[in-house]
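Thanks for coming. Please have the viewer open.

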Amino acid sequence: MPNAAPDPGPWAAREVGLSPDATRAEIRAGLLREVTRDGFVPPPLRQQAWEILSAPRDSAPPWPPAALLAEEARLRGEIDDFAASFFATPVEVRRRRWQELSAVCAFSPPLAARLAALEPGLGLDLRPGDIGNPRTAQLASHVAGLFVLAPAARAAQRQAVLRSLQTDIAGWEETARQLLAVSPALAALEPTLLASILGFREQQQRLARLREGRQHSGRLPPARRAVAPVRPAPAPSSPSAGGGRALGWVAVVVIGIVVRVCIGGLGSRSSSPPPPQIDIPKFDPEEHERTRKMIEEIERLQRMNRENEEQNKKRNPRDEQERLRPGDAGPAPRRGP
Amino acid sequence: MSGTSPLPADVGQWPSDPYDLLGVSNRAAPDEVNAAHDRLAAAFDPARAPEQCRRLKAARDAVLRDLELLLLLETPLTLQLQPAVELSPPRPESPQPDDFDLSEALRAAAPPDAIAPAPLPLGRTPVIGLWQMALTGQESEAYRGLVALLDRDGATAEVCLRLYWLLTARPELDREHAPRDWLVHGLRGGELSGPLWELYRRVLADDADEALSRHCAGLLDLPAEPDALVELALVRWQAAVRAQQWDVLTGDLQALRERLPASERLAWARLWSGALDQLTWSDAKAARNLASRCFQSLGEVLSDSPQVTEVRKRQHLLRDLAAGWRSLRPELEAPPPLLALIPLSWSRPFPEVRPKLLAFLAEALRVPRSFLMALDAIQARPAVLAQFGRLLELLQETLPPPPLEARSSSDLAELALAFLDTADRSYYRPFRTLLLEFCLREAMAPETLAELIADNPYYWLSAERHLSAAVADDESLCLAYRAHRLFWA
C-alpha cells in the first residue's frame, strides 16, 4: 500500500488562495466570505479544501483523490526539474533535495520509483578532470544525460547517442572500456548504452552474415513457401516419424562427437563446455564461429527431439490444451541457411 | 457645518448607520448610493475636512458592499452550482414577518454572559443581517440568531445552508451537532433537491456511517425526483454492502416500492443494476441470494428503451466478469492483489482504485517476466483481462499525455529487426519474455513492433501465422508493456 500522503494543509491553502500560515480566524473569515460568493455551494474541490483547513488539527479529512492527483502532477514537475539539473547540483544539495522529494512523494508509487531510480547517482560528482581524457568525459556526459531521463525518453535518446557514435565505433568501444575502468560507478548508471557500444560491431557482423545468407539463398523462409505447416505434429504410429526421430538422435550423437573432438583440439579435457573466451588476442574467430554454429545445431536438434518426444510419448489432453493456448503460436520455422 | 450640506460639521452628530448617513434605503441601486455620496461629499473640502470625507466614503463603501452581498444572497442558488447538477426550481422563500424582532431572537438565543450583538440596519432581512454579523467575525451571535430563526419559522434552505457553513467554519460553536445535521434538517423540511441536497450528496460520498444512518434512511420518504431517490439508495447500498448490512438493501427496496411506481422503468433498472454492482462480489450467502433476485428483477423490467437495454448489457458483462474472477481466485498463478482490484474497479470510483492499482504495479513491475506470467494466468478469462485493460485506460486518463515519439519509423524498424534477427525465436513463449524485455528497454510498444514487421517475409512462425499477428494478439504482452509505460510515464 502507498505510504501516507503529506499534510494536505498547504494544498488546501493554495486551493482557496490563503497563505499556508493563515490563522484559524483568517481561515474562518475566508471560508464564510468565499462560500457566500459561491452561493453556498462551492465547487467540490474547494469545499474539501475548506473542510481540511477548518477541521481540528488531529482530525483533518484525508486528501481528496482529485487533489492528490493534482499534487502528484505538481511533484512530478518538481522531480523533472530536479532530474534536469541532477549532476549540475552539488552532491550535498542534490542529496538533501532528493531526501525532501522522497519524503513528500512517498504516497505515490510512480514518483517514489522515479526517485529511487535516481538514487544510484546521488553521490557521484561529475568533474571532467576525474574521468579521463575528453573523449571519456564525453561518453560520461552521455551516460549521465541518459541516466536522469525517464525510461521512454531514455530509450529514444540512447538510440540517438548510439547513432552519433557509429562513425567511429571502434574508438568508442575503447573509450567505453576506459570509462568502465576509471569510473565503474558512473558506467553502471547506464549499462545498456555501454553494452550496446561494446557489442555493436559483433551484432552488426552477425546481422550482416544473417542477411547476406538470406540474400544468397534467394529464397523466402520455408514457412512462407510451404502450403502445410512447416513442422506438422507427426502421428505416433507413423514410420516416417519414428525414422525422423532416430535420424535426430544419430545427428545429435555424431555432432556431439565432432564437438568433443573440436573442444579437445582447443586444449580442454573437461566434459563441461569451456568458459567463454575473453582473451581477445588469443581468440580465433573462425574457430569460435564454427564451434558456436555446431553448438547451435546441437541445441536445435535437441529441441526438435524434445518436441517430438513431447508430442508423441507424453501426449495427453492437458498437454494438448497447453500447446494450443492462445498466444502460443508454436515453434518458429528454421531460420537462415 | 457646510453651507450646502444637510449634515452638521461635527461628525460626532452624524448618524452611525451608513444608510441613514447617506439617506438611502436598503433597496437602493448602486448609482443612487454613489449619487448620494457625491452630493454630500461636495460640501466638504478633503483638505480641510478629511474626517468628514473619510466617513462619507466609508459609509458609501459599506452600503455598496451590503448591496452586493444582498444581491448575492438573493440570487437563485442554482446559478452558482456546477452545470452537471440539476436542481428543481427554487422554492418560494418563507415570507419574513415584518414584525420580527432580531434583537429579541438574539437575546433569547444568547447565553446570559454573551456579548450584546451589534445593532443591525433596521428593516433588513434578518437572515442577511445575521450572515453579515458572521462575516464580520460575530460567528457565535450569528449562529444563535440563525438557530432562533429556525425555531421560529421552521427549516428553510437559506437558514440551514448558513448554519451548515458556520458550523463547518467553527465546529466548537455547537458540540451537539455536526454540520451535516443542518443539511438533513433542511432537507426534511423540503425535498431531495437544491443546494442542500447537493451538499448532502457530497457528505454521503465520503461518509459511509452517515449513509447508513437512520436519518439518512428517512430521506427516502421525502418528495423527490426518481433520479434523486435512486442516487440516495445507491450510495446507501454501497456503504451497506461494505458493512455487510444486507437488511439495509431489503429495507430500502421495501420503502422504494411504495415510492417508485413500476412505470419508472429506468429508475428501477438502475436500482437493480446498482444493487448488483455491489452484491455480485460478495461471498456471503445472503448477498448471493439477494443478487440473484435483483438479476431476476432486472430481467423482469418491461422496457425496450435503449437506456434499459444498456443497463442489462452491462449486467451481463458483469456476470461474465464475476464468473471469471471467481474461477481465478483458487489459481495460484493469479496474484491476489490483481484479483482484488477487479471488484473495486467495477464497484468503486476510479480515483479510489487508482492508489491501489499503482501500489500493485509498483510491486508487479519489479520483475516484468513474472508480471507477464501473472497476466497469462488470467488470460484464460478474457473478461478479467479486459477489465484490467480498462483500469489501465482509466489510469492513462489521469496521467500527462505521453511524449511524442522522437524516433522515426526507420529508427524503430532498425532496432526491432536487429533484435528479432539476433534473438532465439524458436519458440514463441520463451521468446516473448525476451520480446517484453526488449520492448521495455527500447520503449517500443509490442503493437508497434508488430506493425513494423507485418510485411516482412522472414518472420513467419508457421505457414498460417506471422509473428506480427502473434504479437499483436498477445494481450498479456501488450498489457504488461502498457502497464510499465504508464507507471513510468
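Chain A has 16 helices and 0 strands; helices (H or I, at least four residues) and strands (E, at least two) are DSSP runs, numbered from the N terminus. This is a predicted model, in which local features need pLDDT of at least 70 and side-chain atom pairs count only at pLDDT 80 or more, while totals for chains, interfaces and linings use all residues. Residues are numbered from 1 along each chain as its sequence is written, and chains are lettered from A and ligands numbered from 1 in the order in which they are written.

Of the 337 residues in chain A, 22% are buried. Buried is a count of 20 or more other C-beta atoms within 10 Å of the residue's own, with C-beta atoms placed from the backbone. As for contacts in chain A between residues at least 6 apart in sequence, 67% join residues at least 24 apart. A contact is a pair of residues whose C-beta atoms, again placed from the backbone, lie within 7 Å.

Now helix α9 of chain A, residues 151-165. Its 15 residues should span 21 Å at 1.5 Å a residue, and the end C-alpha atoms are 21 Å apart, so the two agree. The expected span is 1.5 Å times one less than the number of residues. Buried residues in α9(A) include Ala152(A), Arg154(A), Arg158(A) and Leu165(A). What covers the buried residues of α9(A)? The cover includes α8, α10 and α12 of chain A, together with α21, α22 and α25 of chain B.

On to chain B, which has 25 helices and 0 strands. Buried residues are 37% of its 489. For contacts in chain B between residues at least 6 apart in sequence, 65% join residues at least 24 apart. In α14(B), 13 of the 15 residues are buried, so to speak mostly covered.

Last, a helix pair. In chain B, α8 (residues 179-188) and α9 (residues 194-206) pack at about 135°, with axes 9 Å apart. Axes are lines fitted to C-alpha atoms, for helices over the stretch in contact, and angles run from 0 to 180 degrees between N-to-C directions. That angle makes α8(B) oblique to α9(B); under 35 degrees is roughly parallel, over 145 roughly antiparallel, 65 to 115 roughly perpendicular, and the rest oblique. Residues that meet include Leu183(B) and Leu187(B) in α8(B), and Trp197(B) and Tyr200(B) in α9(B).

Conventions. Two residues are in contact if their C-beta atoms, placed from the backbone, lie within 7 Å. A residue is buried if 20 or more other C-beta atoms lie within 10 Å of its own, exposed if 12 or fewer, and partly exposed in between; C-beta atoms are placed from the backbone.
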